[in-house]
Amino acid sequence: MDFHKARSIEERLQFMDHLAVKFRERANNIDEEGRFPFANMKELKEAGYTSLTVPTEYGGSAISLYELLRLQEKLAEGDGSTALSIGWHMGIIKNLSEKRIWKEDIFRKVCDEVRKGALINSAASEAQTGSPTRGGKPQTTARKEGDFWVISGRKIFTTLSPMLDFFIVSASIEGQNEVGNFLIPRSTEGVNIEETWDSVAMSGTGSHDLVLDNVKVRAENMVEKIVPGKKGANGWLLHIPACYLGIAGAAQNYAVQFAKEYSPNSIQGTISDIPAVRQKIGEMELELMNARHFLYSVAKQWDATNDEERKQMSAELSAVKLAVTNAAIIVVDLAMRVVGARSLSRQNPLQRYYRDVRAGLHNPPMDDMTIELLAKNVIGR
Ligand SMILES: Cc1cc2nc3c(=O)[nH]c(=O)nc-3n(C[C@H](O)[C@H](O)[C@H](O)COP(=O)(O)OP(=O)(O)OC[C@H]3O[C@@H](n4cnc5c(N)ncnc54)[C@H](O)[C@@H]3O)c2cc1C
């Protein structure tokens, strides 16, 4: 299986379906033991998935946002933690390919490594700033020493940390009122991971603390200057709702299958014949249909427009994330109501989906910020 050699989206989706079936079988153990899904990541790398968003001139396939989200949704049907983790990596490379914000030389080098299997993610969150989307200034600092930057601090929620090869670390520049993003290879002295991740949701994402103790990188590793909280329109972040949509789809599949098979002796046939159960199944389908249409129409719009028009899409992108993640929570809840008390068994995947979809509320952008943005736009119109 080689994702790069597939001739169509449909063929890539078939590949992903094949992997997702395997990952679903491992998901319960990974969750129960809070383990990182090393085997899943290895298989995604070996199949060429992790370099699909690399630009074609650097040996990738430069897949569209629409295709990325379809694949991510399918992956999340198998294992949410794997999908969210690899989604950051895939999305960051896609974003850098589209916007070319980094110097070409350094981006090309990263792409070369990604083609060989390297993984990347950004470490932006800190205990003192909370969600970086709210504009808090990093307490992590970068000090200039000749041709080098020396970076110290602690990041929390560093998803994929057990296997990351590159960290994009935000740090306040000492002596200036500016913040930069620094590309830090894992092998750099002073880089440490503290295994702090104990979340009941998305427990397999390995979102541990990244501790940086006087980490020295070359001057060019300051890859961009940023303004905390001001990120502009980011299509790639839709990997987040795609992930929660996939989990919700898995919950629907489980509940419908259960309803078609469960036949208590109080009724003839199965519970799928009962109006109250059918009502919930119909409502689930409506939520998912709505969510998919919204997500994929905005993704297609993103793919079809130019950089200037994309800048106007912030409100829609934020609204999609809010609508889809909240729909996913509703769908999992309905699925559990269909299945009943068995859904609470530790052996049952629905209790994992229930915990996992909650994490969507705490991935960016946060719901209150989206609602405020929508209100601001309407009032200012
Ligand atoms: C599964 C998962 C994976 C993640 N992966 C990554 C990753 O790879 N890299 C990374 O950098 N981060 C990652 N994050 C972190 C994420 O981006 C957020 O930083 C984190 O979830 C904290 O968000 P929060 O809203 O709970 O925190 P806080 O910002 O501390 O907010 C806590 C609560 O306080 C209130 N609040 C705080 N500040 C304000 C304010 N200014 N205005 C209004 N209300 C406020 C809100 O009610 C909020 O719910 C991940 C998070 C999760 C759950």
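How are helix 3 and helix 6 oriented to each other? They are oblique to each other, a class I use for whatever is left once angles under 35 degrees are called roughly parallel, over 145 roughly antiparallel and 65 to 115 roughly perpendicular.

Ground rules before going on. This is a predicted model, with local features needing pLDDT of at least 70 and side-chain atom pairs pLDDT 80 or more, while totals for chains, interfaces and linings use all residues. Residues are numbered from 1 along each chain as its sequence is written, and side-chain values use heavy atoms, with hydrogens and water left out.

**Helix 3 on helix 6**

I took helices as DSSP runs of H or I with at least four residues, numbered from the N terminus. Axes are lines fitted to C-alpha atoms over the stretch in contact, and angles run from 0 to 180 degrees between N-to-C directions. Helix 3 (residues 65–78) and helix 6 have axes that come within 7 Å and cross at roughly 45°. I noted the crossing as right-handed, meaning that the near helix is turned clockwise from the far one by less than a right angle, with anticlockwise giving left-handed. Helix 3 brings L69, Q72, E73, A76 and E77 to the contact, and helix 6 brings H239, A242, C243, L245, G246, I247, A250 and N253 (contact is heavy atoms within 4.5 Å). By class I get seven nonpolar, four polar and two charged residues here. For the classes, Ala, Val, Leu, Ile, Met, Phe, Trp, Tyr, Cys and Pro are nonpolar, Asp, Glu, Lys and Arg charged, and the others, Gly among them, polar.

**Helix 6 on helix 9**

Next I looked up helix 9 (residues 314–339), which packs on helix 6 at about 20° with the axes 8 Å apart. That makes the two roughly parallel to each other, and their crossing is left-handed. Among the contact residues are I240, Y244 and F258 of helix 6 and V320, K321 and T325 of helix 9.

**Helix 6 on helix 10**

Helix 6 (residues 239–261) also meets helix 10 (residues 349–358), their axes coming within 10 Å and crossing at roughly 155°. The pair is therefore roughly antiparallel, and I logged a left-handed crossing. Y244, I247, A250, A251 and Y254 of helix 6 touch P349, L350, Y353, D356 and V357 of helix 10. I find nine nonpolar residues, no polar and one charged in this contact.

**Ligand site**

A polar backbone atom of F157 is 3.2 Å from a nitrogen of the ligand, and a polar side-chain atom of R134 is 3.4 Å from one.

I checked P364 to P365 and found a cis peptide bond, omega near -10°. P365 sits in the loop between helix 10 and helix 11 (367–380). A62 is not a glycine, yet has a positive phi of about 45°; I place A62 in the loop between helix 2 (38–46) and helix 3.

Technical notes. Polar contact = N/O pair within 3.5 Å; in protein donor to acceptor, adjacent residues only side chain to side chain.
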